[in-house]
Amino acid sequence: MLIITKGSIDECNTKHAQGGIAAAISSIDSPELHFKDTIAAGAGLCDPEAVRILTEEAADRIADLVKLGVPFDTVNGEIALTKEAAHSVPRILHAGGDATGERIEVTLSNAARASRAITIFEYFLATEILVKNNKVYGVAALDLRSGTREEFNCRNLILATGGVGRLFKITTNPDIATGDGVALAYRTGAEIIDMEFFQFHPTALRMPGVPLFLISEAVRGEGGVLRNVRGERFMKKYSPQGELAPRDVVARGIVAEMKETGANRVFLDVTHLPARILSARFPQIYRFCLDHGLDITTSLIPVVPAAHYSMGGVKTNYWGETNVEGLFASGEVASTGVHGANRLASNSLLEVLVFGKRIVERTLRGNAHLKATPSPDVYTLKKRDTSDINDTTLNVTALQSLLWDNVGIVRSGKELEEAADTLAAWEKQLEPATDRPSYELANMVTVGRLMAEAALIREESRGAHYRSDFPNASNAWLKHIVFRKKAAKSQK
Ligand SMILES: Cc1cc2nc3c(=O)[nH]c(=O)nc-3n(C[C@H](O)[C@H](O)[C@H](O)COP(=O)(O)OP(=O)(O)OC[C@H]3O[C@@H](n4cnc5c(N)ncnc54)[C@H](O)[C@@H]3O)c2cc1C
């Protein structure tokens with residue numbers, strides 16, 4: 001197996017995961033309960049079979065991680081479990097307190113480096129999926145150190161390129177999350193689904209001059225409360241679950257409160273929790289804040305919502321196969337159907353493991369037409385008249401501001417039209433890409449268009465997708481929006 005990655009192997013979203021990984025492994029839990037919570041979070045759009053696979057195979061995949069040496073935290077010799085929003089029981093495993101992703105990433109990349117069966121090429125940017133007769137035969141990549149173009153031939157290609165958070169001005173995602181895999185797959189003719197469903201995390205640290213930093217959901221799970229700038233707790237106004245309501249509800253509650261108080265932040269208050277528990281349970285958060293002059297055991301933490309996780313992506317079946325023969329998608333770039341309209345916290349690391357393993361099993365079973373059945377009803381991006389678009393300055397900052405302002409936490413038809421028109425105008429301006437920034441920018445424009453157009457088509461509010469002009473869910477929209485290049489049906 002050959003792995004190519006555009007940075008060093010440990011530049012990825014996985015390394016930044018704090019809260020943990022969900023799995024029903026305790027005596028008071030069961031895959032059925034985990035299934036129920038996941039389906040409830042997904043707001044009517046989860047694929048029940050995919051969720052069944054996720055929740056039933058979870059314990060075995062955790063056992064694999066333990067065998068590989070991931071040092072999960074324990075209490076009295078048992079794996080320690082915490083609770084997060086919308087989980088009905090404590091079921092989140094963590095490692096190194098809030099360093100779960102880092103511990104998993106380091107363990108797995110060390111194992112990959114040590115394996116004779118795996119070769120790793122770092123600083124190679126995948127730029128094109130090579131396809132003939134709707135069948136993959138390789139991938140083109142730019143060697144970022146020499147600037148030369150290389151082609152790698154393969155029978156099966158697994159996209160595992162992560163998320164799209166860098167499309168937004170305020171995000172928890174690292175630099176690599178520019179949606180490359182979704183853009184590459186779309187250009188290849190793969191189906192892209194659920195792009196309107198993007199999760200905003202309610203609580204990222206916002207301090208002047210300090211890089212944005214996630215304050216894990218688990219902090220609220222352990223008893224942290226939200227206060228507005230007047231010091232008032234407010235979440236009960238927006239949900240009976242208070243601070244442990246689903247992420248979209250908490251994020252919108254914070255936005256409403258910021259608007260009402262005229263402030264650019266709210267506060268997360270953990271000062272009532274024992275200091276030694278905070279520093280032991282959240283060592284990374286505690287240390288990061290302290291390094292920037294904020295002692296969370298005595299001071300309120302200023303927070304804002306931030307772009308976080310893409311539920312949508314490359315459509316796959318239960319074996320990670322796409323509609324393009326030989327092309328697989330795994331992890332955040334994929335949309336397996338487990339998240340529906342909203343992801344249950346800590347289900348994404350689990351999805352990577354469960355469906356990643358299935359992909360490997362599938363590819364080892366030979367090469368007999370490994371592909372998913374195409375969707376019967378798909379959209380294609382419509383041509384937009386961009387002649388009266390005035391602001392045509394395309395750069396990453398402008399794109400991130402446009403997505404944040406117009407395709408963000410609260411959307412409207414007018415703002416989405418504006419975003420879609422501007423992105424279409426930018427698409428026409430793109431010069432042929434030559435280096436990492438120009439390839440990434442082109443990918444971000446494509447992915448931004450898919451997000452804006454999908455959000456425009458879905459005239460309702462559901463899960464993480466909230467339209468101020470259609471604030472309610474509609475049964476007519478209990479269906480998915482799938483895009484495919486050169487599809488038969490054009491966007492309305
Ligand atoms: C701050 C933060 C906290 C989180 N906390 C949690 C949590 O507690 N629990 C949970 O379940 N989930 C959490 N998530 C989400 C979860 O971490 C991600 O969904 C998951 O790690 C994605 O894994 P992945 O393998 O799909 O992608 P990644 O881990 O992001 O890996 C993608 C890799 O692809 C490479 N790549 C991208 N494009 C190209 C290209 N064109 N060519 C070559 N290589 C490329 C990247 O360099 C990177 O190495 C969190 C995310 C963030 C950002």
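Trainee: Which helices and strands each supply at least two residues of the shell around the ligand?

Mentor: Keep in mind that this is a predicted model. Four elements each supply at least two residues of that shell: strand 1 (2-5), helix 3 (100-114), strand 8 (124-132) and helix 9 (347-364). Helix 9 has the largest share, with 4 residues. Altogether, 36 residues surround the ligand, and the closest are Cys 12, Asn 13, Gly 19, Gly 162 and Gly 331. Sort the shell by type and you get 19 polar residues, 13 nonpolar ones and 4 charged ones.

Now let's go on to the nonpolar core. The largest one has 134 residues, and Ala 185 and Ile 192 have the most contacts inside it. Helix 12 gives the most to this core, namely 11 residues. Domain 1 (201-307) and domain 2 (376-483) both contribute residues, so the core lies between them. Zoom in on Ala 185 and, leaving out residues up to four places away in sequence, you'll find it touching Ile 129, Leu 159, Ala 190, Ile 192, Val 314, Thr 322, Leu 327 and Ala 329.

Helix 12 (436-457) turns up again when you look at helix 10, whose buried residues pack against it and against helix 11 (413-429). Those buried residues of helix 10 (396-406) are Leu 399, Leu 402, Leu 403 and Asn 406. Looking down the axis of helix 10, they fall within an arc of 95°, so they line one face of the helix.

How values were computed. Residues are numbered from 1 along each chain as its sequence is written. This is a predicted model: local features need pLDDT of at least 70, side-chain atom pairs count only at pLDDT 80 or more; totals for chains, interfaces and linings use all residues. A residue is buried if 20 or more other C-beta atoms lie within 10 Å of its own, exposed if 12 or fewer, and partly exposed in between; C-beta atoms are placed from the backbone. The arc is that of the directions from the helix axis to the C-beta atoms. Two residues are in contact if their C-beta atoms, placed from the backbone, lie within 7 Å. A residue is near a molecule or strand if its C-beta atom, placed from the backbone, lies within 6 Å of it. Ala, Val, Leu, Ile, Met, Phe, Trp, Tyr, Cys and Pro count as nonpolar, Asp, Glu, Lys and Arg as charged, and the others, Gly among them, as polar. A nonpolar core is a set of buried Ala, Val, Leu, Ile, Met, Phe, Trp, Tyr and Cys residues joined through C-beta atoms within 7 Å. Domain bounds come from an automatic or database domain assignment.
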